[in-house]
Amino acid sequence: MNFHKLKYVVVAADSGSFREAARRLYMAQSSLSTAIKELEEEYQIQIFERTKRGIYITPEGSEFLSYARDILSQVDVLEKRYLEPTGKQIFSVSGQHYDFASEAFSQLIAESDTSQTDFRLLETSTKEVLHDVRSAYSELGILYMNPNNQKVIQQYLNRHELDFVELGEFSVHIFVGHDHPLADRDSVSLEDLEPYPSLGFEQKESNTLQFSEEVVEGDKKDQQQIMVSDRGSSINVLVNTDAYLIGSGILSSPFKTMMRTIPVRDQEPNHIGYIHASYRKQSNLAKRYIELLTAMVD
């Protein structure tokens with residue numbers, strides 16, 4: 001296994017051409033092309049289709065790339081841990097955009113010896129949460145499951161020996177600013193939401209509906225959608241516009257004074273929990289973080 005060749009394949013895929021990949025890698029295009037060809041011959045697959053217009057990833061190449069990215073991610077973790085040692089352990093969590101997960105993480109830091117640990121909390125897309133835990137980039141992942149996405153996510157978890165541990169079952173809510181026209185309602189229906197913009201979190205390259213953080217299904221083709229990538233931006237949008245965000249209804253940080261949560265009628269409950277690799281022993285920090293999460297959602 002030549003890790004350099006794996007990197008060449010990934011950079012070529014991201015670049016769209018051998019010429020651009022060679023430029024990024026500071027090497028001759030002929031050398032890059034030869035190295036990738038050798039890798040294809042070694043594994044007896046065709047990763048790229050070469051045309052006059054550039055390179056295209058084949059179906060078997062797409063599968064190979066997913067494994068290559070995982071391997072390189074693991075190598076990166078090892079190199080940062082052992083070739084650039086700081087004498088500290090790293091505790092990393094990846095999650096969807098949940099207020100309580102961030103609040104529990106800050107509590108963990110406050111009570112820990114930070115001289116011995118580097119902490120990392122990544123609020124990201126569903127696909128990245130799954131990938132980060134699978135590749136050991138993060139020890140834990142925070143996400144939800146409901147009837148709309150459970151089958152797809154559970155298949156991924158089973159395939160990669162990951163476990164989902166439920167923290168709680170929650171009814172569907174909307175988050176709105178205090179000046180929203182629906183802010184004084186005790187509950188709302190999906191029909192009540194139709195006139196207002198729907199706020200959601202960008203899922204990057206994944207267009208799989210089951211990986212969306214929105215927890216209800218509906219025909220939104222005529223409804224304005226606003227997409228953001230971080231929780232801070234979502235809060236600003238909610239406070240200053242008539243947009244709404246679908247979620248669990250759990251607010252535990254000081255942000256809870258800035259908005260209202262309202263139940264949505266006639267919706268299936270959501271199951272929020274954490275994922276971890278079944279074959280890895282949990283660190284003491286992970287165990288304590290899970291205790292803090294559990295207290296947050298009780």
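## Handedness of a helix crossing

A crossing of two helices is right-handed if the near helix is turned clockwise from the far one by less than a right angle, and left-handed if it is turned anticlockwise. In this predicted model, α1 passes α2 in a right-handed crossing, whereas the crossing of α1 and α3 is left-handed.

## Overall composition

The protein contains ten helices and twelve strands. Of its 298 residues, 46% are buried. The accessible surface amounts to about 15,900 Å², and carbon and sulfur atoms contribute 47% of this area.

Among contacts with a separation of 6 or more, 77% are between residues 24 or more positions apart.

## Helix α1 against helix α2

Helix α1 covers residues 3-15 and helix α2 covers residues 18-25; the two pack with their axes 8 Å apart, at an angle of about 125°.

## Helix α1 against helix α3

Helix α3 (residues 29-43) also packs with α1, here at an angle of about 110° and with the axes 9 Å apart. α1 is therefore roughly perpendicular to α3.

The α1 residues in this contact are K5, L6, Y8, V9 and A12, and they meet L32, A35, I36, E38 and L39 in α3. Eight of the contact residues are nonpolar and two are charged, with no polar residue.

Helix α6 spans residues 126-134, and its buried residues are T126, V129, L130, D132, V133 and R134. The helix is followed by A136, which has a positive phi near 70°.

## Positive phi in two loops

Most residues other than glycine have a negative phi. Against that background, Q44 has a positive phi, near 55°, without being a glycine. Q44 is in the loop between α3 and β1 (48-51). Its relative accessible area is 71%, so Q44 is exposed, the cut-off for this class being over 50%.

D266 is likewise not a glycine and has a positive phi of about 60°. The loop that holds D266 runs between β11 (259-263) and β12. With a relative accessible area of 79%, D266 is exposed.

## A buried loop residue

Q282 is situated in the loop between β12 (270-277) and α10 (284-297). Its relative accessibility is 18%, and Q282 therefore counts as buried, since the cut-off for that class is under 20%.

When neighbours within four places in sequence are set aside, the contacts of Q282 are E139, L140, Y274, H276, K287 and I290. Q282 is thus a buried loop residue, whereas Q44 and D266 are exposed.

Terms used
Residues are numbered from 1 along each chain as its sequence is written. This is a predicted model: local features need pLDDT of at least 70, side-chain atom pairs count only at pLDDT 80 or more; totals for chains, interfaces and linings use all residues. Side-chain values use heavy atoms; hydrogens and water are left out. Helices (H or I, at least four residues) and strands (E, at least two) are DSSP runs, numbered from the N terminus. Buried means under 20% relative accessible area, exposed over 50%, partly exposed in between (1.4 Å probe, protein chains only). Contact means heavy atoms within 4.5 Å. Accessible areas come from the Shrake-Rupley method with a 1.4 Å probe; for residues, only the protein chains shown count as cover. Axes are lines fitted to C-alpha atoms, for helices over the stretch in contact, and angles run from 0 to 180 degrees between N-to-C directions. Angles under 35 degrees count as roughly parallel, over 145 as roughly antiparallel, 65 to 115 as roughly perpendicular and the rest as oblique. Ala, Val, Leu, Ile, Met, Phe, Trp, Tyr, Cys and Pro count as nonpolar, Asp, Glu, Lys and Arg as charged, and the others, Gly among them, as polar.
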